Amino acid sequence: QVQVVESGGGLVQPGGSLRLSCAASRSIFGFNGMGWYRQAPGKERELVATLSNYGPTNYAESVKGRFTISRDNAKNTVYLQMNSLKPEDTAVYYCNAVFRGVNVWGQGTQVTVSS
(Lines give C-alpha, C1' and ligand atoms only; values in the text may rest on other atoms or scores of the structure.)
Protein backbone atom coordinates (compact mmCIF):
# COMPACT_ATOMS: atom_id res chain seq x y z
CA GLN A 1 0.00 0.00 0.00
CA VAL A 2 1.17 3.52 -0.80
CA GLN A 3 0.59 6.06 1.94
CA VAL A 4 1.54 9.64 2.77
CA VAL A 5 1.42 11.14 6.26
CA GLU A 6 1.51 14.84 7.13
CA SER A 7 2.99 16.39 10.23
CA GLY A 8 4.22 19.73 11.51
CA GLY A 9 1.02 21.70 11.88
CA GLY A 10 0.20 23.78 14.90
CA LEU A 11 -0.62 27.21 16.23
CA VAL A 12 1.51 30.14 15.14
CA GLN A 13 1.22 33.91 15.40
CA PRO A 14 0.78 36.06 12.30
CA GLY A 15 4.14 36.59 10.66
CA GLY A 16 5.48 33.34 12.05
CA SER A 17 6.67 30.22 10.30
CA LEU A 18 5.93 26.52 10.18
CA ARG A 19 7.35 23.64 8.20
CA LEU A 20 5.06 20.82 7.20
CA SER A 21 6.34 17.38 6.32
CA CYS A 22 4.80 14.71 4.14
CA ALA A 23 6.38 11.31 4.57
CA ALA A 24 5.73 8.71 1.90
CA SER A 25 5.79 4.96 2.37
CA ARG A 26 7.97 4.44 -0.66
CA SER A 27 10.49 6.30 -2.76
CA ILE A 28 8.93 9.55 -3.89
CA PHE A 29 10.77 9.18 -7.16
CA GLY A 30 8.05 6.70 -8.06
CA PHE A 31 5.37 9.38 -7.83
CA ASN A 32 4.34 11.41 -10.83
CA GLY A 33 4.09 14.44 -8.61
CA MET A 34 3.41 15.62 -5.10
CA GLY A 35 1.75 18.65 -3.65
CA TRP A 36 0.08 20.40 -0.79
CA TYR A 37 -3.56 21.39 -0.59
CA ARG A 38 -5.51 23.11 2.13
CA GLN A 39 -9.10 23.40 3.20
CA ALA A 40 -10.57 25.94 5.58
CA PRO A 41 -13.92 25.27 7.31
CA GLY A 42 -16.78 25.81 4.91
CA LYS A 43 -14.46 26.34 1.96
CA GLU A 44 -13.36 24.29 -1.00
CA ARG A 45 -10.07 22.47 -0.88
CA GLU A 46 -7.49 24.45 -2.82
CA LEU A 47 -4.07 23.81 -4.26
CA VAL A 48 -1.20 25.39 -2.37
CA ALA A 49 1.93 24.09 -4.08
CA THR A 50 3.00 21.25 -6.34
CA LEU A 51 6.33 19.68 -7.13
CA SER A 52 7.50 17.24 -9.75
CA ASN A 53 10.19 14.69 -9.00
CA TYR A 54 12.58 16.66 -11.16
CA GLY A 55 12.03 19.99 -9.44
CA PRO A 56 9.49 22.22 -11.21
CA THR A 57 7.22 23.95 -8.75
CA ASN A 58 3.88 25.70 -8.87
CA TYR A 59 2.32 27.86 -6.19
CA ALA A 60 -1.04 29.39 -5.55
CA GLU A 61 -0.86 33.12 -6.11
CA SER A 62 -1.81 33.75 -2.50
CA VAL A 63 1.30 31.99 -1.17
CA LYS A 64 3.94 32.96 -3.72
CA GLY A 65 6.98 34.44 -2.06
CA ARG A 66 5.97 33.07 1.34
CA PHE A 67 5.77 29.28 0.93
CA THR A 68 8.38 26.93 -0.47
CA ILE A 69 7.86 23.30 -1.44
CA SER A 70 10.85 20.98 -1.48
CA ARG A 71 11.73 17.32 -1.17
CA ASP A 72 14.32 15.01 0.30
CA ASN A 73 14.41 11.85 -1.75
CA ALA A 74 16.60 10.03 0.77
CA LYS A 75 13.95 10.56 3.45
CA ASN A 76 10.97 9.98 1.14
CA THR A 77 9.65 13.31 2.36
CA VAL A 78 8.21 16.47 0.84
CA TYR A 79 8.21 19.69 2.83
CA LEU A 80 6.23 22.88 2.82
CA GLN A 81 8.06 25.77 4.43
CA MET A 82 5.55 28.46 5.34
CA ASN A 83 6.81 31.91 6.24
CA SER A 84 5.08 35.21 6.94
CA LEU A 85 1.93 33.34 7.86
CA LYS A 86 -1.38 35.14 7.78
CA PRO A 87 -4.68 34.36 9.52
CA GLU A 88 -6.15 33.46 6.13
CA ASP A 89 -3.62 30.63 5.89
CA THR A 90 -5.52 28.85 8.65
CA ALA A 91 -6.71 25.51 7.28
CA VAL A 92 -6.18 21.79 7.33
CA TYR A 93 -3.25 21.07 5.05
CA TYR A 94 -3.21 17.87 3.05
CA CYS A 95 -0.42 16.13 1.25
CA ASN A 96 -1.24 14.71 -2.15
CA ALA A 97 0.76 12.32 -4.25
CA VAL A 98 0.04 10.92 -7.68
CA PHE A 99 1.23 7.35 -8.04
CA ARG A 100 0.61 5.53 -11.29
CA GLY A 101 -2.15 7.98 -12.10
CA VAL A 102 -3.93 7.54 -8.77
CA ASN A 103 -4.27 10.27 -6.15
CA VAL A 104 -3.06 9.40 -2.67
CA TRP A 105 -4.06 11.69 0.19
CA GLY A 106 -2.79 12.10 3.72
CA GLN A 107 -4.98 12.59 6.76
CA GLY A 108 -4.27 16.31 7.03
CA THR A 109 -2.55 18.50 9.59
CA GLN A 110 -4.11 21.59 11.16
CA VAL A 111 -2.44 24.96 10.75
CA THR A 112 -3.86 27.82 12.79
CA VAL A 113 -2.53 31.35 12.45
CA SER A 114 -3.78 33.55 15.24
CA SER A 115 -2.55 36.00 17.83
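Val111 is found in strand 11 (residues 109-113); strands (E, at least two residues) are DSSP runs, numbered from the N terminus. The model is predicted, so local features need pLDDT of at least 70 and side-chain atom pairs count only at pLDDT 80 or more, while totals for chains, interfaces and linings use all residues. Residues are numbered from 1 along each chain as its sequence is written, and side-chain values use heavy atoms, with hydrogens and water left out.

Val111 has a relative accessible area of 0%. That value makes Val111 buried (under 20% relative accessible area; exposed is over 50%, partly exposed in between; 1.4 Å probe, protein chains only). Beyond residues up to four places away in sequence, Val111 touches Gly9, Gly10, Leu18, Leu20, Met82, Asp89, Thr90, Ala91 and Tyr93 (contact: heavy atoms within 4.5 Å). Ala91 lies 20 residues from Val111 along the chain, and their C-alpha atoms are separated by 5.5 Å.

Arg66 sits in the loop between strand 6 (57-59) and strand 7 (67-72). Its relative accessibility is 10%, so Arg66 counts as buried. With residues up to four places away in sequence not counted, Arg66 touches Gln81, Met82, Asn83, Ser84, Leu85, Lys86 and Asp89.

The count comes to one disulfide (a pair of cysteine sulfur atoms within 2.5 Å). Cys22 is joined to Cys95, with an S to S distance of 1.9 Å. Cys22 lies in strand 3 (residues 18-24) and Cys95 in strand 9 (residues 91-99), so the pair ties together parts that are 73 residues apart in sequence. The torsion about the S-S bond is about -75 degrees; the disulfide is therefore left-handed. Both Cys22 and Cys95 are buried.

Terms used: Helices (H or I, at least four residues) and strands (E, at least two) are DSSP runs, numbered from the N terminus.
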